[in-house]
Amino acid sequence: MELLWAAKSPMTFREIMDIAEKEWKKEWKAQTLNTFLLGLQKMGLVEAEKGISCNYYYASCTKEQHIHNWTRKMVAECYGNSFSRFVAAFIGDGKLSKEEAEELKKLL
């Protein structure tokens, strides 16, 4: 996802595969990358546009939007949509540093 989030424009399958091989040193088969991209599409993170000779892949949201959506979903599912229960779980032992307490006050 980092690659698609950072991309200035949609990327072809071949461009993604080339980066995986050359920069990430991954020896993926085409089917592996295809399965991965299809999974990201099913999760709603990636979209594909059909071009004349190939598909163009791009992130359907920014990284910040994804983190926001994921956090909201986690709070809803794990903490009954209760922000206070989430913060209590985050604090755990009840000890916040002065900096953390000040940051939390600013948010509230």
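User: Hi! Where does Lys 25 sit?
Analyst: Hello! Lys 25 is in the loop between α2 and α3. One thing to keep in mind from the start is that this is a predicted model.

User: Okay, and is Lys 25 buried or exposed?
Analyst: Lys 25 counts as exposed, with a relative accessibility of 64%.

User: What about its backbone, what is the phi of Lys 25?
Analyst: The phi of Lys 25 is positive, at about 60 degrees, even though this residue is not a glycine. For background, most residues other than glycine have a negative phi.

User: Which other non-glycine residue has a positive phi?
Analyst: Asn 81 is one, with a phi of about 65 degrees. You will find Asn 81 in the loop between α4, which spans 63–79, and α5. Asn 81 also counts as exposed, at 58% relative accessibility.

User: Back to the loop between α2 and α3. Where is Glu 27?
Analyst: Glu 27 lies in that loop between α2 and α3. Its relative accessible area is 80%, so Glu 27 is exposed.

User: How far is Glu 27 from Pro 10, going by the C-alpha atoms?
Analyst: Their C-alpha atoms are separated by 23 Å, and the two residues are 17 apart along the chain.

User: Now the helix itself. Which residues of α2 are buried?
Analyst: In α2, which runs over residues 13–22, the buried ones are Ile 16, Met 17, Ile 19 and Ala 20. They cover an arc of only 160 degrees around the axis, so they lie on the same side of α2.

User: Let's look at β1, then. Is Thr 12, in that strand, buried or exposed?
Analyst: Thr 12 is in strand β1, and it counts as buried because its relative accessibility is 13%, where the cut-off for buried is under 20%.

User: What does Thr 12 touch?
Analyst: Leaving out residues up to four places away in sequence, Thr 12 touches Cys 54, Asn 55, Tyr 56 and Tyr 57.

User: You mentioned Cys 54. How many disulfides does the structure hold?
Analyst: It holds zero disulfides. As a reminder, a disulfide is a covalent bond between the sulfur atoms of two cysteines.

User: New topic: how much space is in the largest pocket?
Analyst: About 250 Å³. Two elements each give two or more residues to its lining, namely α5 (83–91) and α6 (98–107).

User: Which of them gives the largest share of the lining?
Analyst: That is α5, with five residues.

User: Which residues line the largest pocket?
Analyst: The lining is made up of Phe 83, Phe 86, Val 87, Phe 90, Ile 91, Leu 96, Glu 100, Glu 103, Leu 104 and Leu 107.

User: And by class, what is in that lining?
Analyst: Eight of the lining residues are nonpolar and two are charged, with no polar ones. The two glutamates, Glu 100 and Glu 103, are among the lining residues and belong to the charged class.

How values were computed
Residues are numbered from 1 along each chain as its sequence is written. This is a predicted model: local features need pLDDT of at least 70, side-chain atom pairs count only at pLDDT 80 or more; totals for chains, interfaces and linings use all residues. Side-chain values use heavy atoms; hydrogens and water are left out. On a 1 Å grid over the protein atoms alone, a cavity is a set of points where a 1.4 Å probe fits but cannot get out, and a pocket is an open set with protein on both sides within 12 Å along at least five of seven lines; lining residues have an atom within 4 Å of a point. Grid points are joined across faces, edges and corners, and a volume is the space filled by probe spheres set on the points. Helices (H or I, at least four residues) and strands (E, at least two) are DSSP runs, numbered from the N terminus. A disulfide is a pair of cysteine sulfur atoms within 2.5 Å. Buried means under 20% relative accessible area, exposed over 50%, partly exposed in between (1.4 Å probe, protein chains only). The arc is that of the directions from the helix axis to the C-beta atoms. Contact means heavy atoms within 4.5 Å.
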